[in-house]
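Subject: Handover of a structure and notes on its contents

Dear colleague,

Please find below the structure that I am handing over to you. My notes on what was found in it follow directly after it.

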Amino acid sequence: MPMSSTSVRTAGAARPMPWLPPAVHAAVLLGGLYGGLVTDGPVRPLRLTGFAACLLVLIALDRIEQRRYPPRTPPRPAALLLAARLVLFAAAVGLDRSGVSRALFVLVPITAFLAFGRRVGVALTVACTGAILLGNVLWVPRWYLRTDVVTDLLMSGLGLALAVAMAAIAVGEQAGRARLAETLDELRDSHARLADYAARVERLSTARERNRLAREFHDGLGHHLTAIAIQLEKASAFRDLDVRIAERAIADARWSAGRALDEVRMSVRALRDEDAPFSLSSALADLVRHVDGGSARVTLDVSGEERGYHIESLTALYRAAQEGLTNAHRHAEAHLVSVCARYGEEEARLVVADDGRGFAVGREEDGGFGLRGMRERVDRLGGRVEVEAGPGRGTRITVTVPREPVGAEAVPR
């Protein structure tokens, strides 16, 4: 089972104050040797040798423990090592004539605090202070009347208390560093997730824009190319029969080509967030005027006021009219097509109906991208598309859009 990031940090955390025990042991060793050599009485080599051996063993234990348990000593080995140190501390104090070895007991609460926690560290601090006091009571007559003994006792207690405070500070600093490392890891993870989300948003935005452009080209250019093809066929058919009708068809084809270019420019302006004025009523009138004639008669009926409608809603209705007329000319073989636009207080409705051959309802998606694109465009605005059709019964497409699309603000017109 893989370890969590927190457990990995704990396992690799540095031991608090690894330098302190060796430093205290070395200082006591030097102090005790100096005191034993410069004493007024006779020098006792055996006692000095035993004292030095105790301190060297303590230094060796420190080295072994730090190499065996680099981050933190487990509770059981820590307890055994603490007991061994207490024995060595007592032996060093008994062999030392200078009294400096009593400083070794400062390491007891620190070691206990780091290995077993605050409660054990404080308890051993109190125990060490009591042991020093008990030793004075048992072996120093009238100790309470001797200023040096009382001072030494007070300094020993103060040293133990400071040792516990130092251990608490070291543990707190280590915990703070661990929390900081954890926070930094979380920030790195959050940054990585945000970068991933940003990449996803960019991909989704790109896909959405690609789909929008595909709809624009299909609805705009596709319609005008169909109209151009129809008008050119009309001109070819009437070239020898009626020159005026042929010339009118060619003029309408030119208009459709120009309109296609205008819509390409509109798409480019949309990419640049440049809004251009747009009137649906005028656009529908131009559309019907240049599509009318040929194999189908096209009528237009507009009522209501389009002022206040968002440009996206009006554009969606215009694209729906283009798609309906294109389908009527290209697929339906219709003779009569009607376009009806109604502007209401809350929503606008466009109806494109023809008397063509129709198709089976529920299979309009089989016709290609047009109706699917129309549904996607209208659904995104919060509107709806209804298709009524049947074989031999014509087709009726009803598109309804709100005055203010979902997530957009109405643009005064």
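Which residue in S2 is the bridge partner of Val 298? The partner is Val 337. Please bear in mind throughout that the model is predicted.

**Strands S1 and S2**

Strand S1 covers residues 297–303, and its pairing with S2 is parallel, over seven bridges. Strand S2 itself runs over residues 336–343. In a regular strand, side chains alternate between the two faces of the sheet. The covered face of S2 consists of Val 337, Val 339, Ala 341 and Tyr 343, whereas Leu 336, Ser 338, Cys 340 and Arg 342 make up the uncovered face.

**Salt bridges within helix H7**

The count of salt bridges comes to 10. Among them is the pair of Asp 185 and Arg 188, whose closest N and O atoms are 2.8 Å apart. Both residues lie in helix H7, which spans residues 147–238, and they are three residues apart, about one turn of the helix. Asp 185 is partly exposed at 24% relative accessibility, while Arg 188 is exposed at 51%; the cut-off for exposed is over 50%.

Another salt bridge joins Asp 196 to Arg 200, at 3.0 Å between the closest N and O atoms. These residues are also both in helix H7, four residues apart, about one turn of the helix. Asp 196 is partly exposed at 31% relative accessibility, and Arg 200 is partly exposed at 44%.

Helix H9 comprises 12 residues, 280–291, and reaches 16 Å from its first C-alpha to its last, close to the 16 Å expected at 1.5 Å a residue. Its buried residues are Leu 280, Ala 283, Leu 284, Leu 287, Val 288, His 290 and Val 291.

A nonpolar patch lies on the surface, formed by Leu 133, Leu 134, Val 137, Leu 138 and Trp 139, which together have about 550 Å² of accessible area. Leu 138 is located in helix H6, residues 118–139, and is exposed, with a relative accessible area of 54%.

Is Thr 395 buried or exposed? Thr 395 is buried, because its relative accessible area is 9%, and buried means under 20%. The residue is in strand S5, residues 395–402. Leaving out residues up to four places away in sequence, Thr 395 touches Val 352, Ala 353, Asp 354, Gly 358, Phe 359, Glu 388 and Ala 389.

With kind regards

Definitions and conventions
Residues numbered from 1 in each chain as written. Predicted model: local features only at pLDDT ≥ 70, side-chain atom pairs only at ≥ 80, totals over all residues. Heavy atoms only, no water. Helix = DSSP H or I, 4+ residues; strand = E, 2+ residues; numbered from the N terminus. Expected span 1.5 Å × (residues − 1). Buried < 20%, exposed > 50% of the residue type's maximum accessible area, 1.4 Å probe, protein only. Patch = residues over 30% accessible without salt bridge, like charges linked within 9 Å, V, L, I, M, F, W, Y side chains within 5 Å. Areas by Shrake-Rupley, 256 points an atom, 1.4 Å probe, with all protein chains shown as cover. Salt bridge = Lys/Arg side-chain N within 4 Å of Asp/Glu carboxyl O. Contact = heavy atoms within 4.5 Å. Pairing = 2+ DSSP bridges.
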